[in-house]
Amino acid sequence: MAEQNNDKVYSEKARDFILLTGRANQPLAESIGKILKTGVTCPISIFSDGEIRVRIEPNLRRRKVFLIQSTSSPVNDHIMELALMADAARRANASEITAVIPYYGYARQDRKEMSRVPISSSAVASLLVNAGINRILTLDIHTEQTEGAISEPWDNVYGSYSLLPALKDRKMQNLVVASPDKGGFLRAAGYAKLLQAEGMAIAYKDRDLSVNNISETVNIIGEVKDKDVLLVDDMIDTAGTIVHAANFIKERGARSVRVAATHGLFSGEALKRISDSAIEEMIITDSIKPRQEVLNNKKISIVTVAPLIAEAIRRIRTGESISQALIL
Amino acid sequence: MQLFSGSSNKPLAEEIVKTLGTELSPIETMIFPDGERRVKLNTSVLEEDTVVIQSTNTPVDQNYIELFFIIDALKRSGAKSVTAVIPYLGYQRQDHVFRDGEVVSLEVMIRFLESLKVDKVIAFDLHSIKIPELFQIPITHLSALPLFAERIQSKAFNALVTDNPEEFLKDTILVSPDMGGLRRIEQMAEMLGNIPWIATVKDRDLQSGDISIKQFDGPLPPSELPGKRALIVDDMISSGGTMVQSAQLLKDNGVVSCDVFATHAIFSEEAPELLQDSNIDRVYVTDTVAVPEEKLFPKLHILSVVEMIAKALKA
């Protein structure tokens, strides 16, 4: 019955909302559109000198606009596409502009980790609000404090919602959920509870800030011998940390080591490292459009976050709670 | 005063500090494996007047974001003032809504510079005279036209163009490659003792972006073109198509030589090849945009705006 009502709403010509997408992850945007039974428009083209051009053809007057764009690599272009779409939507008299940012770039530059650096993630959020965005929806933002960079509403949902069914399917025995670093302990604890894990483990690493992306696993707390171990993290970038942790855990006698993470960046040597590692399977989401070599990697499985994001968009549109239903 | 350079035009920044008798303050840009960048100022700027030099030409988004991050770092580190020297201001051609549903990209950039609390902007030869009005913070709008006028009146240039340098300006005319550049061409004509000017008319297809130049406009009748030496003046050269078509039309109508003067060397697509192989005799640009080595070509001459920027910074 509820679905019939939805069909009626969506089939009306003047819907109260519209989905637009930048060029970062059009397949995900299309999937979200399919679930919400509406089309998705990409209003971006490029001038010969490389400048972005935005022209939104559909009528936006008094409509809620959702701009779907992951600010993944090339991060600066993707940020600017989003900001420029917001400006065009604002000028076209949209009633409300929500930036749907499944992967939020620069999220790790979230504080002054040393003197005289910018807080880049905050600067990007300000740029977006300045361009006309009224609300941000992210998926597993690296640090939730980033939400305080702006005074507009910022909803953050979690990849665990989409990953959990896939993880349960794996039927892991004597499951131990592990975090590859100290900072990820709470995330791991969340997964451990939802998966009714037998135990938890934490791998320690010391990261030297003056050296780029160099990390070393030094120790582990928790029993992993003869266990199926699931390492969880928010993102896989160069995969250095996670592979160190996985190999270490395997050496300690784990029966199997799997990895679950929301965002798959796979920069630099990541794919090779994963192939060569003790990791049995890595399960990620499509928050970042997977490159062909990611799809080809036999150890990597991808689950979609389209249903989660579509439901979050539906709830923002109708004014229903996000936290009650979507945050596990 | 401390001066910092972004990564888009280091050679220009280095010349500016040399002229000012100082050095660039240390700044470091780290590029992460995923392509994100982090800037870091390697000196204290507390209670200091600071300057950041960054053209926002291609890659425009990266150059703008880098500029924003440097300004954010300066402000968060307690700089007393921040002057942004943006010799070429990217997105300046998107300064109004051409068609319904379009973005005004330039305004997004300006509003954000303002929200970062930049105290002053210095820019060169903006595409439209109305652009400074979009700024709510002080902007110094400099022009390379005096630099071009000086070069045009120099003996060295005159000797290149004619055997009779004394008589050079007598048979020389100015050309605006489209009717949008009239103000620029009138200023230039005045600097050169009110020499005559003509414009070529550019038709642009808004859908495809293709241009065609087939006719003239302006005070000088086309019948007077034979035997004249033409100086085409514009704010920028992008793909070069406009310049080449304009020069072709001029030569078809009897002009004997054709030189181009344009402030910003955007040089997109195959511009260097197109210009070199055209019947343009010489191309003069400035260093507001750094021209990479692979885009240099024999007909190209680069004049420097360093002195003008140094003077504006001292003021």
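View 1. Within strand β10(B), Ile213(B) is the bridge partner of Lys202(B). Helix α7 (residues 182–191) of chain B packs on the sheet, where it touches β8 (172–176), β9 and β11 (229–237) of chain B, and its direction makes about 160° with that of β8(B); such angles run from 0 to 180 degrees between N-to-C directions, with axes being lines fitted to C-alpha atoms, for helices over the stretch in contact. Helices (H or I, at least four residues) and strands (E, at least two) are DSSP runs numbered from the N terminus, and residues are in contact if their C-beta atoms, placed from the backbone, lie within 7 Å. This is a predicted model, in which local features need pLDDT of at least 70 and side-chain atom pairs count only at pLDDT 80 or more, while totals for chains, interfaces and linings use all residues. Residues are numbered from 1 along each chain as its sequence is written, and chains are lettered from A and ligands numbered from 1 in the order in which they are written.

**View 2. The open sheet of chain B.** Seven strands, in the order β10-β9-β8-β11-β12-β13-β14 (chain B), make up an open sheet with mixed pairing, where two strands pair if DSSP finds at least two bridges between them. β10 (211–217) and β14 (300–303) of chain B are the edge strands, each pairing on one side only. Strand β9 (residues 197–204) of chain B runs antiparallel to β10(B), and six bridges join the two.

**View 3. The contact between the chains.** Chain B gives 40 residues to the contact and chain A gives 43 residues. On the side of chain B that touches chain A, β3 (37–41), α2 (60–76) and α3 (105–115) of chain B each supply at least two residues, and the largest share, nine residues, comes from α2(B).

**View 4. Helix α5 of chain A and what follows.** In helix α5 (residues 160–169) of chain A, the buried residues include Ser160(A), Tyr161(A), Ser162(A), Leu163(A) and Leu167(A), a residue being buried if 20 or more other C-beta atoms, placed from the backbone, lie within 10 Å of its own. After α5(A) comes Lys171(A), which has a positive phi, near 50°.

**View 5. Chain A as the setting of the helix.** Chain A has 11 helices and 15 strands, and 50% of its 328 residues count as buried. Its C-alpha atoms fill a box of roughly 60 × 55 × 35 Å, taken along the principal axes.

Conventions. Contact = placed C-beta atoms within 7 Å. Buried ≥ 20, exposed ≤ 12 C-beta atoms within 10 Å, placed from the backbone.
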